[in-house]
Amino acid sequence: KLNKNASTSGHPSLILTQEGVKNIRQNLGSIPIFDETLAATKKELDTEIEAGFDVPTPKDYSGGYTHARHKKNYSLMQKAGVLYQILDDEKYAKFVKDILFSYAQQYPTWPVHPKTRSYARGKLFWQCLNDSNWLVYTSQAYDCIYNYLTQEERETLETDLFKPFADYISKENPQFFNRVHNHSTWGNVAVGMMALAMNDDSLLQVALYGLKDI
């Protein structure tokens, strides 16, 4: 079980650790392929930050604008979170925070996705599989900027966005979440990673052992 008294010292802990970040920073400039990748990612994010982001009302299948935009958003947030950790530049943390708060404001107002082809429709995407992809990447971004946020900001994001999001792809879609299937694997991992980022033991138990009494 998770330690309910865990402090902010436990972040990041999903794809990065404090010790790992320290080692990365100490070795910047000594591994060309890493430095090149870091520079390319920084250039990409600087361009995106300057251009601004969009969190559109979901309406499209794969290939449509809203699908592609929400997919791009979770990728950018994950990269920005990592850049914040490695470069210690708050503009990357702010970028993630601003996008997350846009989602937190709108997510409660969005109905189930209007496209009806899937057996388990998401809210951001036409199927819960893609919503789970979003949560896997976003949990990493949240973990990376956790200490940048105030306690009140974390509570807002967790109450208005992350917990309802995790509940939707699990409790509200047991036909997706509670089975042995490659789609379900994404759902289990998404809920589990966000549970770890939020230090939420009840969500972690759902991710590890499935839904009960369905």
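## A tour by selection

Select Lys79: this lysine is partly exposed, with a relative accessible area of 26%. Keep in mind that you are looking at a predicted model.

**Stop 1: the partner of Lys79.** Glutamate 44 and lysine 79 form a salt bridge, with their closest N and O atoms 3.0 Å apart. This pair links distant parts of the chain: glutamate 44 sits in helix α2 and lysine 79 in helix α3, 35 residues apart. Glutamate 44 is partly exposed too, at 29% relative accessible area.

**Stop 2: along helix α2.** Now pick Lys42 and Asp46. Their side chains meet in a salt bridge, 2.9 Å from N to O. Both residues lie in helix α2, four residues apart, which is about one turn of the helix. Lysine 42 is partly exposed, with a relative accessible area of 32%. Lys42, Asp46 and Lys91 are linked in a network of salt bridges.

**Stop 3: a pair in helix α6.** Select Lys163 and Asp167. Here the side chains meet in a salt bridge of 3.2 Å, N to O. About one helical turn separates lysine 163 from aspartate 167, because they are four residues apart in helix α6. Is each one buried or partly exposed? Lysine 163 is partly exposed, at 24% relative accessible area. Aspartate 167 is buried, at 15%; the cut-off for buried is under 20%. A search of the whole structure finds eight salt bridges.

**Stop 4: a patch on the surface.** Select Leu28, Ile31, Ile33 and Phe34. They make a nonpolar surface patch of about 350 Å². Zoom in on Ile33, which has its place in helix α2. Isoleucine 33 is exposed, with a relative accessible area of 63%.

**Stop 5: the largest nonpolar core.** In soluble globular proteins, nonpolar side chains tend to be buried together. Which residues touch the most other members of the largest core here? Select Leu100, Tyr103, Trp134, Tyr142, Leu161 and Ile169: they do, in a core of 58 residues. Now colour the helices. Those that each supply at least two residues of this core include α3 (65–87), α4 (90–106) and α8 (182–198). The largest share, nine residues, comes from α5.

**Last stop: Leu161.** Centre the view on leucine 161. What is it in contact with, leaving aside neighbours within four places in sequence? Show Leu100, Tyr103, Ala104, Tyr107, Trp134 and Thr156 around leucine 161: these are its contacts.

Technical notes
Residues numbered from 1 in each chain as written. Predicted model: local features only at pLDDT ≥ 70, side-chain atom pairs only at ≥ 80, totals over all residues. Heavy atoms only, no water. Core = buried A, V, L, I, M, F, W, Y, C linked by side-chain atoms within 4.5 Å. Buried < 20%, exposed > 50% of the residue type's maximum accessible area, 1.4 Å probe, protein only. Contact = heavy atoms within 4.5 Å. Patch = residues over 30% accessible without salt bridge, like charges linked within 9 Å, V, L, I, M, F, W, Y side chains within 5 Å. Areas by Shrake-Rupley, 256 points an atom, 1.4 Å probe, with all protein chains shown as cover. Salt bridge = Lys/Arg side-chain N within 4 Å of Asp/Glu carboxyl O.
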